[in-house]
Every structure is written in C-alpha cells, then in structure tokens.
Amino acid sequence: MSTSSQSYPMSGGDDQHSYIHNSSYQKAVIDGVEEKARQYILEKIDLLYLMKPDHSTFTIADYGCSIGPNTFHAVQSIIDTVKLKHMKESQEISLVPLKFQVCFNDQANNDFNTLFRTLPPSFDQEYFSVGVPGSFYGRVLPRNSIHIGHTSYTTHWLSKVPEHVCDKKSLAWNKTFIHCNNLIEEVTQAYKVQFTKDMSVFLKARAEELVPGGLMIALGECFPDDVAMYETWSGIVVDTIGDCLLDMATSGVTTLEKIELFSMPVYFPQYSELKRAIEQNGSFTIEMMETTRHPLEAMQLTNDFITSMFRAFLSTMIEKHFGDAVVDELFDQLAKKLLKHPIDFEKCKKKMVYYIILKRK
Ligand SMILES: C[S@@+](CC[C@H](N)C(=O)[O-])C[C@H]1O[C@@H](n2cnc3c(N)ncnc32)[C@H](O)[C@@H]1O
C-alpha cells in the first residue's frame with residue numbers, strides 16, 4: 001500500500017483553468033523526446049524475455065498521469081511502438097498476440113472522472129484501462145506486474161514540505177519565500193534531503209513493480225549544477241507569485257503569518273543530484289540519461305500562457321493553504337505584475353529537460 005503524502009492535484013475538470021487546457025508546456029517535452037523512446041524500445045527491448053511464454057498482457061503504468069491529455073499521448077506512443085516491435089519479432093518467431101493494459105496512477109484526489117471521461121475514443125480497441133489511486137511514494141501496483149512504467153513532470157512534487165522550512169525558529173525557515181529558490185542555503189539543504197529521500201522511495205517501489213527487464217521512462221526538468229532556481233524564468237515567476245501574496249497581505253486579503261508558514265513541496269534538482277539519486281538505488285541500469293533544452297524555450301512565452309500554466313498546477317495548493325477566495329485575485333495580480341515587469345527570457349539562466357530510461361535488473 002502507498003504511504004500517505006501531501007497531495008495537490010492539477011486543476012480538474014475541463015474549463016479554461018483546467019490542466020487539460022494548460023498542459024501544452026509539458027506536452028512539448030513528451031513530444032520532443034518520443035522518438036528516443038521509440039528507438040530504444042524497437043532496438044533494445046526483448047519481448048520474449050519480458051513476457052512470460054503464456055502471458056499475453058503487456059502492462060504499462062503512467063505514474064502521476066493527471067487528467068490528460070498528455071498521459072493518453074504518452075501511453076499511446078508506447079503501445080504503438082511495442083506493437084510494431086511485436087509485429088517484427090513475430091515474423092521470426094511465433095509470439096502470442098498482445099493485449100495491452102494501462103494503469104493510470106495519480107493521487108486519490110486527482111480528477112479521475114475527467115480522465116476516464118476524456119479517454120480517446122479508440123482506447124477500447126487499444127487497451128484496458130485501470131485507475132490506480134495512491135501516492136507513488138510507495139507501492140501502488142502488484143509486484144512484478146509492469147512491463148513499461150512512464151512518468152513525466154511528477155517527482156518535482158515532493159511527498160511533503162521539507163522539515164523545518166515552515167518553522168520560524170529554524171535556520172531552515174524559508175521566511176516569506178514560497179518555494180526553494182536557492183537563496184537560503186539551509187532551505188536548499190532541507191529540500192535536497194527531502195528530494196533524495198523521495199526519489200529513493202519512488203525508485204524502490206518501481207523496482208518492485210517492474211518485471212525484470214522492464215523499463216522505467218522518466219522525464220522532467222533539472223538545472224545545470226551551477227544554476228539556481230531564482231535565476232531561471234520559472235523561479236522568477238514563483239518569486240513573483242510570492243510578491244503578489246505579500247501585496248495581498250498588505251491589503252488584507254491574506255496575512256503575513258500565512259505566507260510565513262507556506263512553502264511549496266515542489267523541487268527541481270540539479271543534474272548531478274538527480275543522477276546520484278538514481279545511481280543510489282541500484283536496482284536499475286541507466287540505459288539513457290540525456291538533457292536537452294525545452295522545445296518552447298526559444299519562444300517568448302506570453303504572460304497569459306505563463307499565468308494559466310502556473311494557475312493550473314498551483315491553485316489546489318494555494319487554495320488549501322490560503323482559502324479559495326485568494327486564487328482569482330492572486331493570478332490576476334500575477335498577470336498584472338508580469339505585464340509591468342516582463343520576463344527577459346534571454347537573460348534568464350536555463351533549466352534543462354531530462355530524459356531517462358532505466359531498465360530493471
Ligand atoms: C505536472 S502534473 C504532470 C501530469 C502528466 N504526467 C503530464 O506530464 O502532463 C504532475 C502530476 O503528478 C501527480 N503527483 C504528484 N505527486 C504525486 C504522488 N505522490 N503520487 C501520485 N501522483 C503524484 C500530481 O497529482 C499531478 O497530476
């Protein structure tokens with residue numbers, strides 16, 4: 001069973017603020033690295049070894065699937081590639097026809113209704129789908145049951161706010177900052193410790209769920225080792241959200257006390273930190289670990305795009321701590337501040353997109 005963890009799903013439903021309509025930034029990365037997974041699966045996986053002789057169900061899990069549409073795209077691409085591989089191998093040796101099962105995992109309060117309501121129309125011919133509620137910082141699926149696991153933009157969400165960062169008596173107190181922007185050394189350390197613990201739990205659980213030879217595909221963002229969050233455009237956006245909250249405390253919409261006790265359980269590791277966390281696990285071989293620029297990085301993202309994207313993934317967290325009356329005004333203020341002080345993307349330091357394929361030993 002999964003261990004309990006703090007849970008802040010993306011905005012549900014399908015209105016203008018929902019994750020469905022505000023997840024193209026993540027989708028661009030999934031699209032950008034799709035070909036690498038295709039090549040790897042076609043060239044390297046051994047279907048005969050992966051599947052038991054009498055077993056015809058190929059099982060895929062998407063950990064932290066949210067409500068779509070990105071998850072549908074990611075799993076369909078894996079299915080198409082495995083089918084192609086299966087067809088090619090069947091020409092040489094006789095293989096049983098494959099059926100596919102997809103396990104969509106996310107926190108129990110994820111909007112699974114919208115997820116299943118918006119499944120692509122062709123899904124019933126392609127795969128059986130299962131919803132798997134529970135934190136991926138713990139076991140969510142049976143031992144030895146998954147052939148390919150996938151996860152995108154998920155392990156940035158820590159299992160909890162690191163200890164002490166909301167404790168005003170601690171050196172690791174994050175003051176009025178609302179995330180790990182790397183400006184206070186002790187805060188950064190607290191986040192690093194939590195990230196390393198969480199990655200260890202995540203990988204240990206996946207190692208139990210994946211069959212030997214099974215693949216875990218993971219993508220997300222990290223920093224070059226010499227870059228700090230506050231120097232990147234997304235770091236600047238979250239610091240600006242913090243500034244808006246401070247303005248709102250001045251005008252009485254929220255309080256300084258509430259801001260001082262808030263820090264987001266979200267963390268972006270440095271590249272070497274991420275690599276170390278994976279190597280420490282020992283149950284996987286690293287088949288591929290590459291970094292690239294975000295496909296949309298060259299574009300000047302519009303203020304509307306930025307505001308909507310951050311609203312879709314932060315509003316449940318903001319609502320839980322500050323109350324739902326704050327959300328509209330906060331993101332209105334963010335839009336105004338970004339208009340007044342546009343982000344200079346040229347000047348910002350760059351984050352990187354990472355793309356990892358792990359193979360269960
Ligand atoms: C930014 S969304 C990414 C969604 C999707 N993978 C994509 O690429 O569009 C992050 C997702 O991770 C989920 N998540 C965060 N922590 C989780 C946990 N401990 N267990 C399961 N899901 C989690 C969130 O609920 C959210 O749906």
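Predicted model: local features only at pLDDT ≥ 70, side-chain atom pairs only at ≥ 80, totals over all residues.
The secondary structure of the protein comprises 11 helices and seven strands, and its C-alpha trace extends over about 70 × 40 × 40 Å along the principal axes. Because a compact globule of 361 residues would have a radius of gyration near 21 Å, the value of 21 Å found for the protein agrees with that expectation. Of the 361 residues, 55% count as buried, and among contacts with a separation of 6 or more, 83% are made by residues 24 or more positions apart. The protein carries 36 positive and 45 negative charges, whose mean positions lie 4 Å apart.

In soluble globular proteins, nonpolar side chains tend to be buried together. In the present model, the largest nonpolar core contains 81 residues, and Phe 58, Trp 233 and Phe 310 have the most contacts inside it. When residues up to four places away in sequence are not counted, Phe 58 touches Leu 47, Leu 50, Met 51, Val 82, Leu 98, Lys 99, Phe 100, Gln 101, His 147 and Ile 148. Another core, of 37 residues, lies apart from the largest one and includes Tyr 137, Met 199, Leu 274 and Ile 278.

Asn 110 is located in the loop that runs between β2 (99-106) and α4 (112-117). This residue counts as buried because its relative accessibility is 5%, where the cut-off is under 20%. Leaving aside neighbours within four places in sequence, Asn 110 is in contact with Pro 9, Cys 65, Ser 66 and Ile 67.

Terms used:
Residues numbered from 1 in each chain as written. Heavy atoms only, no water. Helix = DSSP H or I, 4+ residues; strand = E, 2+ residues; numbered from the N terminus. Buried < 20%, exposed > 50% of the residue type's maximum accessible area, 1.4 Å probe, protein only. Contact = heavy atoms within 4.5 Å. Core = buried A, V, L, I, M, F, W, Y, C linked by side-chain atoms within 4.5 Å. Rg over C-alpha atoms; globule rule 2.2 N^0.38 Å. Lys, Arg positive; Asp, Glu negative; His and termini not counted. Charge placed at Lys NZ, Arg CZ, Asp CG, Glu CD.
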